[in-house]
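Visitor: I am new to this structure and would like to learn how to read it. Could you walk me through it, step by step?

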Amino acid sequence: RVKQVVTVKVLKKKVTVKSFKVSTKKKLTLKKGKTKKIVTKVTPKKTTDRITYKSGKKGIATVSKGGVITAKKKGKVTITVRCGKKKAIKIQVTVK
């Protein structure tokens with residue numbers, strides 16, 4: 001008897017984003033210690049492209065992987081939201 005082991009790796013077909021929108025206001029004012037969720041919409045919903053968030057000044061406000069902005073101290077910061085190769089969307093945040 002001959003035993004054989006076969007390993008099969010299933011690769012997902014890449015589904016690129018066709019449209020990407022942020023419905024959160026492009027200019028926000030938050031009080032220190034408060035949070036705000038960035039609401040996004042991508043088409044198609046099953047895209048393999050990930051949404052990423054980045055704070056320009058983490059000392060003023062941070063943003064989580066899930067898109068929640070947390071105001072840290074007074075100042076102004078730009079939060080950049082990206083999805084795939086689509087143009088980045090910038091949100092201006094003022095912390096008071």
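Guide: Strand E5 (residues 51-55) and strand E8 (residues 75-83) run antiparallel and are joined by five bridges. Strands here are DSSP runs of E with at least two residues, helices are runs of H or I with at least four residues, and both are numbered from the N terminus. Two strands count as paired if DSSP finds at least two bridges between them. Before we go on, note that this is a predicted model, where local features need pLDDT of at least 70, side-chain atom pairs count only at pLDDT 80 or more, and totals for chains, interfaces and linings use all residues. Residues are numbered from 1 along each chain as its sequence is written, and side-chain values use heavy atoms, with hydrogens and water left out.

Visitor: Which residue of E8 is the bridge partner of tyrosine 53?

Guide: Strands of a sheet pair through backbone hydrogen bonds, either parallel or antiparallel. Here tyrosine 53 has valine 81 in E8 as its bridge partner. E8 also pairs with strand E9 (residues 89-95), in the antiparallel sense and over seven bridges.

Visitor: What do E8 and E9 form, and how many residues lie between them?

Guide: They form a hairpin, with five residues between the two strands. Most residues other than glycine have a negative phi, and most peptide bonds are trans. In this turn, glycine 84 has a positive phi of about 60 degrees.

Visitor: Which peptide bond is cis?

Guide: The one from threonine 43 to proline 44 is cis, with omega near -5 degrees. Proline 44 sits in the loop between E4 and E5.

Visitor: What is the order of strands in the open sheet of four?

Guide: The order is E2-E9-E8-E5, and the pairing is mixed. Strand E2 (27-30) and E5 are at the edges with a single partner strand each, so one side of each has no neighbour in the sheet. On average, neighbouring strands of this sheet are turned by 25 degrees against each other, direction ignored; for such angles, axes are lines fitted to C-alpha atoms (for helices over the stretch in contact), and angles run from 0 to 180 degrees between N-to-C directions. The parallel part of the picture is E2 with E9, joined by four bridges. There, lysine 27 stands opposite glutamine 92.

Visitor: And which strands make up the open sheet of three?

Guide: That sheet has the order E3-E7-E6, with antiparallel pairing. Strand E3 (35-37) and strand E6 (61-63) are its edge strands, each pairing on one side only. Its neighbouring strands are turned by 20 degrees against each other on average, direction ignored. E3 and strand E7 (residues 68-71) are joined by three bridges, and threonine 35 has threonine 70 in E7 as its bridge partner.

Visitor: Is threonine 80 buried or exposed, and how do I read that?

Guide: Buried means under 20% relative accessible area, exposed over 50%, and partly exposed in between (1.4 Å probe, protein chains only). Threonine 80, found in strand E8, is buried with a relative accessible area of 15%. Leaving out residues up to four places away in sequence, threonine 80 touches Thr52, Tyr53, Lys54, Ala88, Ile89 and Lys90, where a contact means heavy atoms within 4.5 Å.

Visitor: Which side chains meet in a salt bridge?

Guide: Side chains of opposite charge can pair when their charged atoms come close. A salt bridge here is a side-chain nitrogen of Lys or Arg within 4 Å of a carboxyl oxygen of Asp or Glu, and the count comes to one. The side chains involved are those of lysine 14 and aspartate 49, at 3.9 Å from N to O. Lysine 14 lies in the segment before strand E1 (19-22) and aspartate 49 in the loop between strand E4 (40-43) and E5, so the pair ties together parts 35 residues apart in sequence. Lysine 14 is exposed, at 58% relative accessible area, whereas aspartate 49 is buried, at 16%.

Visitor: How many helices and strands are in the chain as a whole?

Guide: The chain has zero helices and nine strands. Its C-alpha atoms fill a box of roughly 75 × 30 × 15 Å along the principal axes, and buried residues make up 29% of its 96 residues.
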